[in-house]
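Subject: A structure for you to look through

Dear colleague,

I am handing over a structure that I would like you to open and read alongside this message.

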Amino acid sequence: MEKAVITTRSDHVCHGGRLGFYEHQSDVLGLPARFAVFVPPGASAQNKVPVVHVLAGLTCTEETFFIKAGALAEAAKLGLALVATDTSPRGAGITGEDQDWDFGTGAGFYLDATQQPWASHYRMGSYIAQELPALTEALFPLDGTRRGIMGHSMGGHGALVHGLRNPSVWKSVSAFAPIVHPTAVPWGQKAFTHYLGTDQALWRQYDAVCLLEDGKTHPSALLVDQGMGDQFLERELQPWHLKTAAENAGQELRLREHEGYDHSYWFVQSFAADHLQHHAAILKGL
């Protein structure tokens, strides 16, 4: 692709690598979009490194994981680059987009909306699948043939869905406390109704459990960590559906349940190193 124009919001040396926060005009979203990149020490045009895209949860931004997960030291050690994106378009000017914390701004659900007024800008699915990888791999020493995806909560939903839909693109997949079956829980039903309308066949394309039921699997194991003290466990997350669907589909799933842990980044940072090691084992053969 042509050399993109990006604005550097800030740039930092971190654990021997570089961490930058950027903004660009997104063709897919039709709005300015923000993202962040951590490049580990030793990466160069002659030594491109594997990359893991990180998707955050409801109300979060491209900064959240890098600030709260405590993962950059392990990424530097493993030689993994990390790319983080915002959780929705910003400033679309749609009436009501800032009204609820679980829908609209900060809650793009990593899909392409089909319903107006959302369809013009709420296209985080294509942004994650196409535009952001192409942009970052053109500008940074990232090896797009060794690309993984991970996420937390809504971002865990996004990681599982994108990984299952495009396993040749996303070679490794993991999630913290993901929304595994959004078609069956209030968060997903609210978002899908507004973004996708009432056609539940379309909903299934953005639901990890439904994708497994419909024959979509990943050649690598899916790593999922879930805190059993999570305040959203029973109402929104329901990981047992993923376990059953994976068993029925023959999908290798490492579902780890942790007593006492809640939904916060205190949980995420407790196991972030394990997730990066999972990705490095697949992407680097470690």
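What follows is an account of what was found, taken one topic at a time.

Before anything else, please bear in mind that this is a predicted model.

**Aromatic rings**

A search through the whole structure turns up 17 aromatic pairs, and two of these pairs are described here. In one of them, the ring centres of Phe 103 and Tyr 195 lie 4.7 Å apart and the ring planes meet at 35°, so this pair is classed as tilted; the class follows because an angle under 30 degrees would count as stacked and an angle over 60 as edge-to-face. Phe 103 belongs to the loop between β5 (81-85) and α3 (124-139), whereas Tyr 195 belongs to helix α5 (residues 186-196), so the pair ties together parts that are 92 residues apart in sequence. Both Phe 103 and Tyr 195 are buried, and for Tyr 195 the relative accessibility is 0%.

Another pair is made by Phe 109 and Phe 192, with ring centres 6.3 Å apart and planes at 75°, so this one is edge-to-face. Here too the partners come from the loop between β5 and α3, which holds Phe 109, and from helix α5, which holds Phe 192, so the pair ties together parts that are 83 residues apart in sequence. Phe 109 counts as buried at 0% relative accessibility, and Phe 192 is likewise buried, with a relative accessible area of 0%.

If you select Phe 103, Trp 118, Tyr 122 and Tyr 195 together, you will have picked out one aromatic cluster.

**Arginines over rings**

Two arginines are placed over the faces of aromatic rings: Arg 147 lies over Trp 170, at 5.4 Å from the ring centre, and Arg 165 lies over Tyr 206, at 4.8 Å from the ring centre. Arg 165 and Tyr 206 are 41 residues apart along the chain, and their C-alpha atoms are separated by 8.9 Å. Arg 165 is part of helix α4, and with a relative accessible area of 32% this arginine is partly exposed.

**Helix α4**

Helix α4 covers residues 154-165, which makes 12 residues, and the helix reaches 16 Å from its first C-alpha to its last, close to the 16 Å expected at 1.5 Å a residue. Is α4 largely enclosed, or is it largely open? Of its 12 residues, 11 are buried, so α4 is largely enclosed by the rest of the structure. The buried residues of α4 include Met 154, His 157, Leu 160, Val 161, His 162 and Leu 164, and glycines such as Gly 155 and Gly 163 are among them as well.

**The largest pocket**

The largest pocket holds about 180 Å³ of space. Its lining is made of 13 residues, and those nearest its centre are Leu 58, Thr 59, Cys 60, His 152 and His 263. Sorted by class, the lining has six nonpolar, six polar and one charged residues.

**Details of the backbone**

Some local features of the backbone also deserve a careful look. Gln 116 and Pro 117 are joined by a cis peptide bond, for which omega is about 5°, and Pro 117 lies in the loop between β5 and α3. His 121 is placed in the loop between β5 and α3, and with a relative accessible area of 18% this histidine is buried. Although His 121 and Leu 29 are 92 residues apart along the chain, their C-alpha atoms are separated by 4.6 Å. For Tyr 195 and Leu 29, which are 166 residues apart along the chain, the C-alpha atoms are separated by 14 Å.

Where in the structure does His 15 lie? His 15 is found in the loop between β1 (6-14) and β2 (17-26), and its phi is near 50°, a positive value in a residue other than glycine. Gln 238, which sits in the loop between α8 (233-237) and α9 (240-249), has a phi near 45°, again a positive value in a residue other than glycine. Gln 238 is also buried, with a relative accessible area of 13%.

With best wishes

Notes: Residues numbered from 1 in each chain as written. Predicted model: local features only at pLDDT ≥ 70, side-chain atom pairs only at ≥ 80, totals over all residues. Heavy atoms only, no water. Phe/Tyr/Trp six-rings, centres within 6.5 Å; stacked < 30°, edge-to-face > 60°. Helix = DSSP H or I, 4+ residues; strand = E, 2+ residues; numbered from the N terminus. Buried < 20%, exposed > 50% of the residue type's maximum accessible area, 1.4 Å probe, protein only. Lys NZ or Arg CZ within 6 Å of the ring centre and 35° of its normal. Expected span 1.5 Å × (residues − 1). 1 Å grid on protein atoms, 1.4 Å probe; cavity = no way out; pocket = protein on both sides within 12 Å on 5 of 7 lines; lining within 4 Å. Points joined across faces, edges and corners; volume = space filled by probe spheres on them. Nonpolar A, V, L, I, M, F, W, Y, C, P; charged D, E, K, R; others polar.
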